[in-house]
Number of protein chains: 2
Amino acid sequence: LDSEPDTLERPYPLPPKSRLNQVLPEDLKTPDNFVERDPRLIRLTGIHPFNVEAPLTDLYDEGFLTTKDLHYVRNHGPVPRVEDADMLNWEFTIEGLVSKPTKLTLRGLLRDYEQLTYPVTLVCAGNRRKEQNVARKTKGFSWGAAGLSTALWTGVSLVDLLARACPQRGARYVCFEGADKLPNGYYATSIKLSWAMDPERGVMVAHKMNGEVLHPDHGKPVRVVIPGQIGGRSVKWLKRIVVTREPSDNWYHIYDNRVLPTMVTPEASADLPEVWKDERYAIYDLNTNSAVCYPAHDERVVLGQVEEVYKVRGYAYTGGGRRVGRLEVTLDQGRSWELAEVTYPEDEYRRAVEGDILYGGRVDISWRDSSFCWCFWELDIPLARLQEAKDVMVRAMDDSMSIQPRDMYWSVMGMMNNPWFRVVIHKEDGALRFEHPTQPANIPGGWMERVKAEGRNVINGFWGEKAPGEEDGVVEAEPAK
Amino acid sequence: LDSEPDTLERPYPLPPKSRLNQVLPEDLKTPDNFVERDPRLIRLTGIHPFNVEAPLTDLYDEGFLTTKDLHYVRNHGPVPRVEDADMLNWEFTIEGLVSKPTKLTLRGLLRDYEQLTYPVTLVCAGNRRKEQNVARKTKGFSWGAAGLSTALWTGVSLVDLLARACPQRGARYVCFEGADKLPNGYYATSIKLSWAMDPERGVMVAHKMNGEVLHPDHGKPVRVVIPGQIGGRSVKWLKRIVVTREPSDNWYHIYDNRVLPTMVTPEASADLPEVWKDERYAIYDLNTNSAVCYPAHDERVVLGQVEEVYKVRGYAYTGGGRRVGRLEVTLDQGRSWELAEVTYPEDEYRRAVEGDILYGGRVDISWRDSSFCWCFWELDIPLARLQEAKDVMVRAMDDSMSIQPRDMYWSVMGMMNNPWFRVVIHKEDGALRFEHPTQPANIPGGWMERVKAEGRNVINGFWGEKAPGEEDGVVEAEPAK
């Protein structure tokens with residue numbers, strides 16, 4: 001990668017340089033004892049399986065593209081081990097309702113198909129789930145707001161692969177199965193065939209991430225990348241592509257990545273197979289979401305220079321190829337809103353020159369209307385105004401006018417959590433201290449746990465403050481712990 | 001239509017029979033003095049131009065398909081007059097960035113292209129705008145919740161028309177222009193070419209509505225029908241299809257059908273051409289929305305039979321070909337929700353037998369994943385529970401997990417209003433009386449005007465009830481006027 005001659009004027013960013021990582025001591029006693037990882041990653045499910053996000057600030061500071069060091073990982077079990085020498089012989093099939101069932105190797109994929117390179121933001125459906133878990137325990141583990149990452153992926157369009165296999169009449173879905181053997185079988189899921197065949201949706205079978213062979217945690221040697229949809233559909237360590245009449249009946253397709261109706265409790269959900277199997281509740285497209293990255297949790301800003309401004313900053317995304325149209329900020333709990341400046345680094349790739357080849361793949365998304373990546377927003381706010389405010393909250397709206405709501409939609413799997421992102425502002429010792437909603441994993445901190453510990457309902461529509469008909473007073477901000 | 005022999009077993013509903021309408025006395029002094037109309041329609045902008053919706057109950061009672069009698073109408077000016085004898089000679093062009101510019105007549109459209117028939121729900125972007133106008137005056141007129149209607153449309157796929165015209169490299173948009181000459185030129189707008197060319201989006205050039213020649217108010221003789229998008233893109237009296245590099249620069253494309261950021265006031269908007277021209281604020285896909293139809297506004301239910309249940313019922317829809325996945329009802333102002341039963345009459349058309357021809361068009365949507373129509377929901381609620389509740393509210397969520405929010409997103413044009421639909425329950429004289437948010441046009445009534453008249457902020461997150469930090473008490477329901 002580093003030695004690739006950079007002969008082209010590129011109007012778009014290239015990934016930051018990865019660190020040299022090693023197998024970490026805590027992985028030595030696990031089946032993943034061959035996987036090199038970055039020690040900054042926060043483990044969300046103990047040591048193994050490996051489910052991690054970066055510290056939010058580190059993720060944001062890397063910029064538009066995330067290194068493999070800090071890219072979030074969602075593994076259901078041990079990482080399949082594939083040696084470099086065996087990679088090109090890796091086999092996967094295209095089968096089911098197709099006229100020409102195919103067995104492909106990575107060698108064949110590289111040799112026989114056009115290679116493409118473009119950036120895609122992957123997002124775990126559980127991003128921001130910790131907030132749901134604080135409100136009320138779900139069946140999922142506690143992602144903070146860094147369950148998303150962006151990389152340059154290189155591979156082959158699934159449209160090309162499927163077109164050669166010739167889907168038959170009656171085919172409606174495409175199932176993907178990985179090599180990761182789990183308690184309930186190999187991990188598999190499905191998407192609609194109409195989406196898989198739509199070039200605007202950009203589904204890719206990828207073999208490079210940021211110009212390098214896929215890292216073992218990210219599907220080495222071959223994976224699916226589905227832009228605009230939750231990460232759980234982008235099957236890693238790809239072994240089978242099966243065209244079918246019905247959605248996947250794999251256990252992980254049915255009992256994961258769903259937003260069940262809000263009244264279904266963890267207890268009740270155990271006896272509701274028909275509810276789990278209702279495809280209306282399966283999550284495909286991401287919903288509109290955003291978070292504040294600066295000020296960071298527990299960041300302190302010393303006062304006294306009241307002319308100064310603070311640049312509030314963060315990210316936003318939406319799904320289905322749509323684009324975030326606006327990001328609004330409130331300092332008065334939603335009574336009024338200000339418009340932040342939004343930048344779309346993905347658009348810089350649309351301006352690639354004709355014939356641009358990066359990492360062996362053609363960079364050409366100029367023809368495409370859809371958007372696959374996160375965007376960044378910022379707003380300069382005078383410190384004097386932050387000092388007067390209780391909190392700063394943000395909400396994004398996408399170009400289908402889908403807006404982040406005030407209210408959390410709690411569900412049994414705790415997925416797709418996207419209420420207004422709220423940062424509380426504490427005034428103490430001549431400084432402002434900022435408090436995010438939560439911290440990832442079991443890390444304590446955040447206004448939600450604090451308010452809940454005070455016995456208040458954090459999702460009453462006013463973040464645990466006094467609601468209509470309630471007797472007692474408004475909760476006062478607490479001093480720092 | 002009525003004489004068409006119905007030889008097929010049809011698994012789907014056909015439209016209810018239209019009434020025999022006449023030119024109404026109030027239209028005699030307007031340019032529309034040749035257009036026969038149903039006197040039940042509620043005029044939203046005085047007598048002329050004709051902008052109307054049906055009484056919500058009448059609309060709901062017609063069922064899945066709406067007759068031309070009750071179909072909402074949004075006219076910007078006088079209706080172009082086209083005699084029956086001239087219809088087949090009606091000309092329209094396909095021009096701009098195409099290799100084969102074409103001039104077509106309706107005769108040619110009928111003769112040279114495959115005809116299709118399927119149901120589409122059209123929705124005005126202003127549906128439910130009266131609620132915004134009560135909260136704070138917008139620049140738009142006051143639609144109630146009946147600014148939507150569903151018909152069986154017959155015509156030709158725009159994919160077929162454009163494919164024969166051969167869009168050229170660099171083409172990105174398709175502009176549609178009508179024959180309605182207005183103060184700022186002919187009405188015109190545009191959509192993305194990638195959408196126009198996507199069969200899943202089902203854009204049609206239509207010449208029949210519910211099996212009849214288009215009614216003059218609905219585009220006689222030829223119009224565009226764009227499923228899943230706001231009605232304002234479905235140009236009537238079609239004269240030109242222009243393939244372009246940029247979005248339409250027509251006045252009505254820029255200064256209508258936009259959701260500007262919420263802080264832009266009517267006064268400020270006059271001086272912000274760059275904000276109006278920002279395509280991120282243009283509305284295409286409908287957002288998720290729903291309303292209660294029963295109980296109707298001012299409906300009274302006599303108590304005393306406490307075992308009885310009331311079937312709360314209404315409609316829901318979403319945009320972009322997506323499907324409403326759930327409809328939830330709350331009787332405790334959002335603290336808990338119940339799941340309503342949702343039915344999708346559109347799905348009955350997916351089961352049409354092979355070879356089914358209706359109104360001269362092939363009925364075949366079995367291959368399609370997208371949904372273009374409203375759906376219906378209902379929930380049986382014991383009267384005893386309604387009696388205990390302050391109000392009943394509903395919210396829909398679509399299959400991209402886009403949910404109706406608690407909060408109104410006010411904007412200068414008052415479009416895409418979709419907060420939880422709230423019906424207040426009054427107990428009086430041994431009966432329950434139900435109160436909708438508003439009534440259409442200048443018709444008084446509804447809890448929003450009442451609460452506002454009491455000096456309360458109807459969009460404070462608690463419908464004008466006490467909010468955190470407020471001093472005075474909870475507003476009590478008023479007796480009937």
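Among contacts in chain A between residues at least 6 apart in sequence, 71% join residues at least 24 apart, a contact being a pair with heavy atoms within 4.5 Å. This is a predicted model, in which local features need pLDDT of at least 70 and side-chain atom pairs count only at pLDDT 80 or more, while totals for chains, interfaces and linings use all residues. Residues are numbered from 1 along each chain as its sequence is written, chains are lettered from A and ligands numbered from 1 in the order in which they are written, and side-chain values use heavy atoms, with hydrogens and water left out.

For its 481 residues, a compact globule would have a radius of gyration near 23 Å, and chain A agrees with that at 23 Å; the radius is taken over C-alpha atoms, and the globule rule is 2.2 Å times the number of residues to the power 0.38. Along the principal axes, the C-alpha atoms of chain A fill a box of roughly 70 × 60 × 45 Å. Of the 481 residues, 64% count as buried, that is, under 20% relative accessible area with a 1.4 Å probe and protein chains only.

Chain A has eleven helices and 27 strands, which are DSSP runs numbered from the N terminus (helices H or I, at least four residues; strands E, at least two).

| Strand pair (chain A) | Bridges | Direction |
|---|---|---|
| β18 (residues 309-317) and β24 (residues 375-382) | Eight bridges | antiparallel |
| β6 (residues 91-96) and β15 | Four bridges | parallel |
| β10 (residues 173-182) and β15 | Six bridges | antiparallel |

Strand β15 (residues 238-244) of chain A is mostly covered, with five of its seven residues buried. In β15(A), A:Ile241 is the bridge partner of A:Ile94, and A:Thr244 is that of A:Tyr173.

A further group of strands in chain A forms an open sheet of four, in the order β16-β18-β24-β21 with antiparallel pairing. Because β16 (289-294) and β21 (341-343) of chain A stand at the edges with a single partner strand each, one side of each is left without a neighbour in the sheet. Neighbouring strands of this sheet are turned by 25 degrees against each other on average, direction ignored; the axes are lines fitted to C-alpha atoms, for helices over the stretch in contact, and angles run from 0 to 180 degrees between N-to-C directions.

Conventions:
Two strands pair if DSSP finds at least two bridges between them. Buried means under 20% relative accessible area, exposed over 50%, partly exposed in between (1.4 Å probe, protein chains only).
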